[in-house]
Amino acid sequence: MNVLEARGLRKSFGTTIALDGIDLQVDEGRILGLIGPNGAGKSTALNAILGLTQYQGELKVLGRDPWTERDQLMREVCFISDVAVLPRWLRVSQAIDYVAGVHPRFDRAKAESFLAKTSINRTSKVRELSKGMVTQLHLALVMAIDAKLLLLDEPTLGLDILYRKQFYDSLLNDYFDRKRTIVVTTHQVEEIQNVLTDLMFVNRGRVVLSCSMEELESRYVEVVVNPEQLAVARALKPMNEREVFGRSILMFDLKLNHANREQLLTFGDVRTPNIADVFIAVLGDDSGPVQGVSR
Amino acid sequence: MTTETNAVRQEIAPTAFSMMRPFYWSVRRELWEHRSIYIAPLAAAAVFLFGFVISLISLPHRMRDILALDPSKQREAIAMPYDVVAGLIMVITLVVGFFYCLEALYGERRDRGILFWKSMPVSDLTTVLAKASIPILGLQLLAFTITFVTQMIMLLLSSAVLAVNGISVATLWTRLSLFSISALLLYHLVALHGIWWAPIYSWLLLVSSWARRVPILWAVLPPLAIGVAEKVAFNTTYFGTWLGNRFSGGTDVLGDISSNFPIEPMAHVHWGRYLTLPGLWGGLIFAAVFLFAAARMRRYRQPI
């Protein structure tokens, strides 16, 4: 069974179309990155999956309709959002008590042991914790839940580099296994490049590109072209060209058959592009705001 | 609670887990968030007790005056501070209940905490019912308990002071008849302030689930507008009278207690009559509709 299955998912706010017919299919054990500029519809898609917003089209999460069966679905789905959603008046101990109270799949000992590794005080209120600590607390609660699907909406936004690294490390080492599925949206694409198994570019409510990471790596190639071969390389219709320190970097889509890898090797250094660069190149024709993606 | 007991409980009663535990913990979380629910009446009781203790200095003197009074007037004089503290706590819980209802489903959207609460396997209806149970039952039982304990402390302190001064405490105890006025108080709180007012609390909760800003205006203005419109259009005040009756309960709910209050306060309280009042059941139907709508609204509403 697919963990997530969407067909023609649509959602509009007044005249603004947030989701314009999204098709999505995520199998068990995948880590999908949902990447797109601000306002691309990523958060709306996650909200629909969580049953927080209404939508048109077909959507099944673990075989359930999230809009009408949110409370049952939440036994198997967890969520960490970009906005600090833990109420500021809540004490750390109360948060643990509450989740232990209402969640049948919560392992209190697990949450406690995770918290023991942090400097979070059990009697503190959320408002007294730093942003990094709030995320650690939320992560401790979520990782102690034996969920099938975890949704992360900009989970590391506003965290310093130390916390960001820890966040994905604990997620991969202590939480993820082949039985779980993770969907993550983020602007900090470079730090999840090695985490993801699948990738989906979204722009203006539409899926621009959807592929596995292996596909991405075999399909897109970046070449730091030697100046004398620039004209030849350009003739092969690169999808994107940019200049870094006076060197031209051309990106090719090998699937379009204008070029092959052996040929490109003769132009200069060939390397795997990072997700942000592919994103910009793919979106190149689809003139939309891309300022949301950090490199 | 350990995970082992959790697991055992789940095995024993999976249905009980799915129904009662989320409700219980939802109520707990209301008490964590809105600490004024118990702090406000406790503080009022503490302040009153403080003043009462100071007034004990003059109690022997006052008691001698009271004993010289006509027996029919003794009750009033003796019970006065006890009635005052009961009324004080009643008013405080009323105000707390009013503002609690307006905040209950509005605050969680304002602080975006609703995203966290909704990420837990607790239905909107369970959440709304847990919130409604606070003013309808929780606050009333709390007000009763705090009042009763305060009055008990007052009575014991008074008795001690009188005994030390060689004055008989018998009149104090018999005229006050604390246990029977407490029974009346409990009835008053549960039957009127709790259940009879359930549609009012439910209306406030509905407004709180729906308003994007200043829920207090949305809660108060529509009834006010209806009253004014009726007055202007037909020069009648049926709506206002009806609303006033809903608040006061009238003699239907409370019975006519003025006639022989000191002798047998509960004599005029008939649970049977109360339970057959059409106003009671009509109100409860309204309450159910409002609460159901509030639960629906909570599903649709986003953080603000």
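Below are some questions about the labels, with answers.

This is a predicted model, where local features need pLDDT of at least 70, side-chain atom pairs count only at pLDDT 80 or more, and totals for chains, interfaces and linings use all residues. Residues are numbered from 1 along each chain as its sequence is written, while chains are lettered from A and ligands numbered from 1 in the order in which they are written.

Q: Why is α8(B) called roughly antiparallel to α10(B)?
A: Helices here are DSSP runs of H or I with at least four residues, and strands are runs of E with at least two, numbered from the N terminus. α8 (residues 124-164) and α10 (residues 178-196) of chain B pack at about 160°, their axes 9 Å apart. Angles over 145 degrees count as roughly antiparallel, so α8(B) is roughly antiparallel to α10(B). The angle is taken between N-to-C directions, on a scale from 0 to 180 degrees, with axes fitted to C-alpha atoms over the stretch in contact.

Q: What makes residues of α8(B) and α10(B) "meet"?
A: Two residues are in contact if their C-beta atoms, placed from the backbone, lie within 7 Å. Among those that meet are B:F144 and B:F148 in α8(B), and B:L185 and B:L189 in α10(B). The residues of this contact divide into twelve nonpolar, six polar and no charged.

Q: What about β1 and β2 of chain A: which sense do they pair in?
A: β1 (residues 4-13) and β2 (residues 16-26) of chain A pair in the antiparallel sense, over eight bridges. One bridge links A:L4 to A:V26 in β2(A). In their hairpin, with two residues between the strands, A:G14 takes a positive phi near 65°.

Q: Why are β5 and β9 of chain A said to stand at the edges?
A: The open sheet of six strands runs β5-β6-β7-β3-β8-β9 in chain A, with mixed pairing. β5 (77-80) and β9 (206-212) each have a single partner strand, so one side of each is left without a neighbour in the sheet.

Notes
Angles under 35 degrees count as roughly parallel, over 145 as roughly antiparallel, 65 to 115 as roughly perpendicular and the rest as oblique. Ala, Val, Leu, Ile, Met, Phe, Trp, Tyr, Cys and Pro count as nonpolar, Asp, Glu, Lys and Arg as charged, and the others, Gly among them, as polar. Two strands pair if DSSP finds at least two bridges between them.
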